[in-house]
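Here is a briefing on one protein chain. Please look over the sequence and the coordinates, then read the points below.

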Amino acid sequence: MWRPSCVRYEPTRGLTYAPPPDIGGDYKGAGVGPSPAYSYSACVAQVAIDVETGEVRVEKLWLAHDVGRAINPLLVAGQVEGGAYMGFAEATMEQQVFRKGRHKFPSLLDYKIPTTLDTPEIETILVEAPDPEGPYGAKEAGQGPLNPVIPAIANAVFDAIGVRIDETPITPEKVLKALKSAAQGKPAGVAPIPVPERWPTRLIAWTPERLEV
């Protein structure tokens, strides 16, 4: 099995290369998903809804990402913001539409994605918790920041209008349809998640300070 190498610094030997532990299995597709160092993200979205037109405007995103160690903080922040942009685009605009078995928008001239004028303000928070399995303690900061953005925007829309949109992109047409269904007393979106009598114990984030306790 192919094992990528990562850089490790040893004071007596300088830079050395050490492979991370084996991950995945021996069957086809077993290498999709596993990672020697997992990162975590959290996102808060500020959203404004025009209930007359259904327009959804994402005004600001706060995104905190566990990067392990930010070897190049400016570059890492750019990666996190890129992930936030992709999540925002999927939540509000991007979709795969087919007509008679063919893609309706076969090129980027027709497939609409947000521009810099559409993208909301993004505040990036880099959380450093070095991982011994990553190079210099670093973790990924590319696709991971995308994950919490879509649910954050969807939950912000639900908080604003009281109706949940259960598919992306969240378009004005879907917002107006959901509001109309709610006004008529019809169910719209997914059923509310039942609240358990007792929430499971939360995992405490690892920090260098905690290790000193």
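Tyr136 lies in the loop between strand 7 and helix 2. Its phi is positive, about 60°, although Tyr136 is not a glycine. Tyr136 counts as partly exposed because its relative accessibility is 40%, which falls between the cut-offs of 20% and 50%. The model is a predicted one.

**Overall make-up**

- The protein has four helices and seven strands.
- From the N terminus, the order of elements is β-β-β-β-α-β-β-β-α-α-α.
- The protein has 213 residues, and buried residues make up 31% of them.
- Take the contacts between residues at least 6 apart in sequence: 63% of these join residues at least 24 apart.

**Strand pairing around strand 4**

- Strand 3 (residues 41–49) and strand 4 (residues 56–66) run antiparallel and are joined by nine bridges.
- Within this pairing, Cys43 stands opposite Leu63 of strand 4.
- The two strands form a hairpin, with six residues between them.
- Gly54 sits in the turn of that hairpin and has a positive phi of about 80°.
- Strand 4 also pairs with strand 7 (residues 121–127); these two run parallel, with seven bridges.
- Leu61 has Ile122 in strand 7 as its bridge partner.

**Two residues of strand 4**

- Val56 belongs to strand 4.
- Val56 counts as buried because its relative accessibility is 17%, under the 20% cut-off.
- Beyond four places in sequence, Val56 is in contact with Val47, Ala48, Ile49, Val157, Ile170 and Val175.
- Val56 and Pro172 are 116 residues apart in sequence, yet their C-alpha atoms are 6.6 Å apart.
- Asp66 is also placed in strand 4.
- Is Asp66 buried or exposed? Asp66 is buried, as its relative accessible area is 10%.
- The side chain of Asp66 makes a polar contact of 2.6 Å with the side chain of Lys139.
- Not counting residues up to four places away, Asp66 touches Tyr38, Ser39, Tyr40, Val127, Ala129, Lys139 and Glu140.

**Helix 1**

- Helix 1 (residues 73–92) has 20 residues.
- Its first and last C-alpha atoms are 28 Å apart, close to the 28 Å expected at 1.5 Å a residue.
- The buried residues of helix 1 are Val76, Ala77, Val80, Gly83, Ala84, Gly87, Phe88, Ala89, Ala91 and Thr92.
- What do the buried residues of helix 1 pack against? They pack against strand 4, strand 7 and helix 2 (149–161).

**Helix 2 and what follows**

- Helix 2 has 13 residues, so it should span 18 Å at 1.5 Å a residue; its end C-alpha atoms are 19 Å apart, which agrees.
- Buried in helix 2 are Val149, Ile150, Ala152, Ile153, Ala154, Ala156, Val157 and Ile161.
- The cover over these buried residues includes strand 3, strand 4, helix 1 and helix 3 (172–183).
- Pro169 is in the loop between helix 2 and helix 3.
- The peptide bond from Thr168 to Pro169 is cis, with omega near 0°.

- Gln96 lies in the loop between helix 1 and strand 5 (98–99).
- Gln96 is exposed because its relative accessible area is 52%, over the 50% cut-off.
- Leaving aside neighbours within four places in sequence, Gln96 is in contact with His103 and Tyr111.
- The side chains of Gln96 and His103 make a polar contact of 2.3 Å.
- Gln96 and Tyr111 are 15 residues apart in sequence, with their C-alpha atoms 8.9 Å apart.
- Lys100 is found in the loop between strand 5 and strand 6 (102–103).
- The phi of Lys100 is positive, near 55°, and Lys100 is a residue other than glycine.
- With a relative accessible area of 86%, Lys100 is exposed.

**Aromatic rings**

- How many aromatic pairs does the structure hold? The count is zero.
- Arg164 lies over the face of Phe158, at 4.2 Å from the ring centre.

Methods:
Residues numbered from 1 in each chain as written. Predicted model: local features only at pLDDT ≥ 70, side-chain atom pairs only at ≥ 80, totals over all residues. Heavy atoms only, no water. Phe/Tyr/Trp six-rings, centres within 6.5 Å; stacked < 30°, edge-to-face > 60°. Lys NZ or Arg CZ within 6 Å of the ring centre and 35° of its normal. Pairing = 2+ DSSP bridges. Expected span 1.5 Å × (residues − 1). Buried < 20%, exposed > 50% of the residue type's maximum accessible area, 1.4 Å probe, protein only. Contact = heavy atoms within 4.5 Å. Polar contact = N/O pair within 3.5 Å; in protein donor to acceptor, adjacent residues only side chain to side chain.
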